[in-house]
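Please read them alongside the sequence and the coordinates.

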Amino acid sequence: MAGMEIDSPPKEEIASVSANDRIVQARFYCLLALFICNVSIQLGHSLVSNIPFLLLQRLIQHGVPQEKLLQFQLGLVLFAKENKSRIPEMVSCILTAAADILESRGSQKTHSGGALNNESIKDVYAVSLLWLQWLMFEGEPKLALEDLARKSVGQRAVCGAVWGHNDLAYRCRTCEHDSTCAICVPCFQNGNHKDHDYSIIYTGGGCCDCGDITAWKREGFCSRHKGTEQIQPLCEELANSVGPVLDSLLRYWKDKVCMAEFPARARGHRSDVQGNVANELTSEIVGMLLDFCKCSESLLSFISKRMYACSDLLDVLVRAERFLDDSKVVKRLHELLLKLLGEPLFKYEFAKVFTGYYPFAVNEIIKEGINSMLESYPLVSIFSVQIFTVPSLTLRLVHEVDLLAVLMGCLRNLLLSCVSEDGHLQASKWANIYETTVRLVEDTRYVLSHEEVSKYVVHERPDILRTWMSLLSTVQGMDPLKRVMGLHAEDENENLPAPFILGQYIGNVHNLLVEGAFSNFEFKELMDVTLCSSCNRGLDDKDSQCDSKVVRLSQEFSDVDCSKRDGPRVPSPAVWMIHESLKAIESWLAPNMVVESDTSSLIDAGSSCCNFLSLRKKLLKTKEGAGFSDPSDNCLMDFDSGEEVDELGILNMVDWPHIVYDVSSQEISVHIPLHRLLSLLLRKAMKACYSEADKLDKSSGFFGQVLGASKLMVLLPL
């Protein structure tokens with residue numbers, strides 16, 4: 001055959017062996033030639049002609065008898081059965097042979113001015129993985145997988161079908177645990193959803209939730225999927241043969257992908273080759289593992305356990321989207337990871353690694369400052385909804401890796417990158433990373449949507465709530481607008497809708513926080529979390545003492561009277577949130593400027609119009625018996641938890657000016673999330689304390705008790 005390059009044995013070696021040995025060697029090389037021809041024809045590339053010969057040479061050098069290799073893969077299997085302790089060595093030998101071929105061909109191509117193409121690399125690893133599969137299944141891989149598939153018929157626990165964009169799926173509000181859950185068309189048709197509230201949707205990715213008890217009610221499962229507890233372990237014999245080979249392969253995979261992550265380290269001009277090797281090796285291994293998963297759920301479960309047991313492998317695969325430059329390979333890798341999430345233990349281990357990677361991806365997007373960068377890190381969008389919507393898993397992440405602090409940190413970095421000198425978001429700059437902002441706020445909502453998490457945050461983590469309110473202070477008053485008079489505006493503001501949409505997403509988070517503040521709560525030590533360490537994290541001594549009081553009140557669920565001793569009550573966490581909201585508004589009203597001593601009046605009440613921003617500056621001017629400090633940091637302010645609400649300066653003023661807004665003479669912003677949070681808390685408190693008929697009669701007493709100053713009612717958009 002043209003292009004065939006088979007090395008003949010040296011003449012001196014032939015002369016030194018016996019006649020019988022020469023016959024064995026002749027048979028060996030004849031069979032090898034036939035085998036090479038067969039493989040070359042199947043793969044359609046001349047490079048593979050050298051693979052089997054070099055591979056067999058390496059195996060012989062490592063002690064595999066030549067007579068065994070007359071049967072090629074089957075002979076290697078027979079030798080492996082007799083020498084199980086040497087299986088890792090044989091796997092390494094096979095993979096090293098492939099690497100050497102690529103190394104030599106890459107050097108030849110470099111000297112000749114060419115490049116080693118991806119098809120060549122793919123073919124080399126295809127042959128190598130075929131040999132490894134023979135070792136895994138101790139026989140013909142195709143037959144073994146077909147046998148596993150037959151045994152798995154009717155025993156699938158979870159569907160896990162992976163969707164692309166605009167695939168059809170079903171939502172069933174009767175069966176789903178949250179609005180992000182859906183099942184594929186076959187699972188819906190094979191289930192009983194008579195008289196259910198369902199709808200057809202177009203997907204944007206994700207996977208089918210049928211069989212996943214954390215996402216779908218058991219009675220909504222189809223007839224083919226019965227839940228993860230139905231997954232049967234892989235038989236011991238197969239586990240013993242697959243395990244050692246798979247472990248060695250996973251370690252090799254991790255090492256090769258790591259080399260692509262740091263191409264400049266000790267490789268020079270061969271960095272492109274290493275990147276191509278990582279791409280094609282990942283493509284071949286992912287394809288092989290996906291085939292395994294499709295054939296048997298027991299094999300899928302076994303693979304998932306081996307993958308998270310391989311040290312640092314998950315960390316490398318999660319980061320792989322950064323340096324694997326083939327988007328199709330990355331997509332296939334994510335498809336494999338989605339498949340493996342059906343195994344609960346894998347999902348937990350993957351979730352911890354994902355949470356660690358999350359802030360890195362967000363910070364890279366912030367550096368670039370464009371929405372399209374979110375597409376370069378698809379892992380964040382694909383897997384946050386898969387992980388943060390699972391109640392038990394999310395609760396563990398909140399306690400063990402401080403998930404909410406991670407999300408708050410990402411939001412803080414994003415908002416800080418877009419603020420102007422006055423501490424407000426620059427709408428034009430922020431619009432470039434608007435989608436990332438929405439992603440972060442939505443992920444926060446996913447986490448807080450679990451009742452246990454929202455209760456935990458409100459009752460035990462005042463530091464998280466205080467951070468959230470400080471973040472709202474940067475959004476407060478953003479994108480102020482002034483009516484243009486006399487001239488027609490030629491160009492419309494394309495960014496005008498974005499702040500309103502963000503406000504809606506923030507409002508969803510507030511609903512969850514307020515529900516948590518008014519829920520019945522009994523203190524429990526969940527996940528061995530120490531109360532003091534969790535509530536004091538990141539606070540100074542003064543804050544810690546104050547917040548410890550709040551937590552002790554939460555433990556006893558001490559209530560605040562709304563009228564008299566025997567009257568209606570408001571939970572102490574809700575009262576604490578009301579006071580913190582007032583402090584946040586007070587800090588927002590304080591300008592970032594040195595306060596000048598001025599005894600002039602705040603504003604002429606008879607004036608036909610006033611500039612609210614200048615009012616905001618004048619409000620801070622020193623009043624007799626009250627002093628105000630400039631906010632630290634140029635946008636996010638730290639609130640002094642030692643102040644009581646009675647000590648509020650601006651908000652405790654008795655004589656409020658009459659403010660007339662004229663949008664043609666001043667800039668006005670309607671983006672006031674701090675006010676809306678305060679309004680929501682007060683409305684909820686009034687609803688809990690009074691009937692509709694009582695609200696008007698008793699509202700004055702209510703505000704006096706809860707706020708400490710009835711004049712604060714003027715601030716609230718009730």
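1. Leaving aside neighbours within four places in sequence, which residues is W253 in contact with? In this predicted model, the contacts of W253 are L281, T282, I285, V286, L289, M307, L313, L317 and L333.

2. W253 also belongs to the largest nonpolar core, which has 164 residues. Together with L59, F137, L289, M307 and F350, W253 is among the members that touch the most others in this core. Helix α15 (residues 344-368) supplies the largest share of the core, 12 residues. Both domain 1 (22-106 + 120-132 + 141-152) and domain 3 (344-483 + 498-523 + 568-588 + 665-692 + 700-717) contribute at least three residues each.

3. The C-alpha atoms of P344 and S301 are 9.3 Å apart in space, while the two residues are separated by 43 residues in sequence.

4. On the surface, a nonpolar patch is formed by L481, L496, F500 and V670. Their accessible area together is about 330 Å². L496 lies in the loop between α23 (462-475) and α24 (497-517). With a relative accessibility of 33%, L496 is therefore classed as partly exposed.

Notes:
Residues are numbered from 1 along each chain as its sequence is written. This is a predicted model: local features need pLDDT of at least 70, side-chain atom pairs count only at pLDDT 80 or more; totals for chains, interfaces and linings use all residues. Side-chain values use heavy atoms; hydrogens and water are left out. Patches are made of residues with over 30% relative accessible area and no salt bridge: like charges are joined within 9 Å, nonpolar side chains (Val, Leu, Ile, Met, Phe, Trp, Tyr) within 5 Å. Accessible areas come from the Shrake-Rupley method with a 1.4 Å probe; for residues, only the protein chains shown count as cover. A salt bridge is a side-chain nitrogen of Lys or Arg within 4 Å of a carboxyl oxygen of Asp or Glu. Helices (H or I, at least four residues) and strands (E, at least two) are DSSP runs, numbered from the N terminus. Buried means under 20% relative accessible area, exposed over 50%, partly exposed in between (1.4 Å probe, protein chains only). A nonpolar core is a set of buried Ala, Val, Leu, Ile, Met, Phe, Trp, Tyr and Cys residues joined through side-chain atoms within 4.5 Å. Domain bounds come from an automatic or database domain assignment. Contact means heavy atoms within 4.5 Å.
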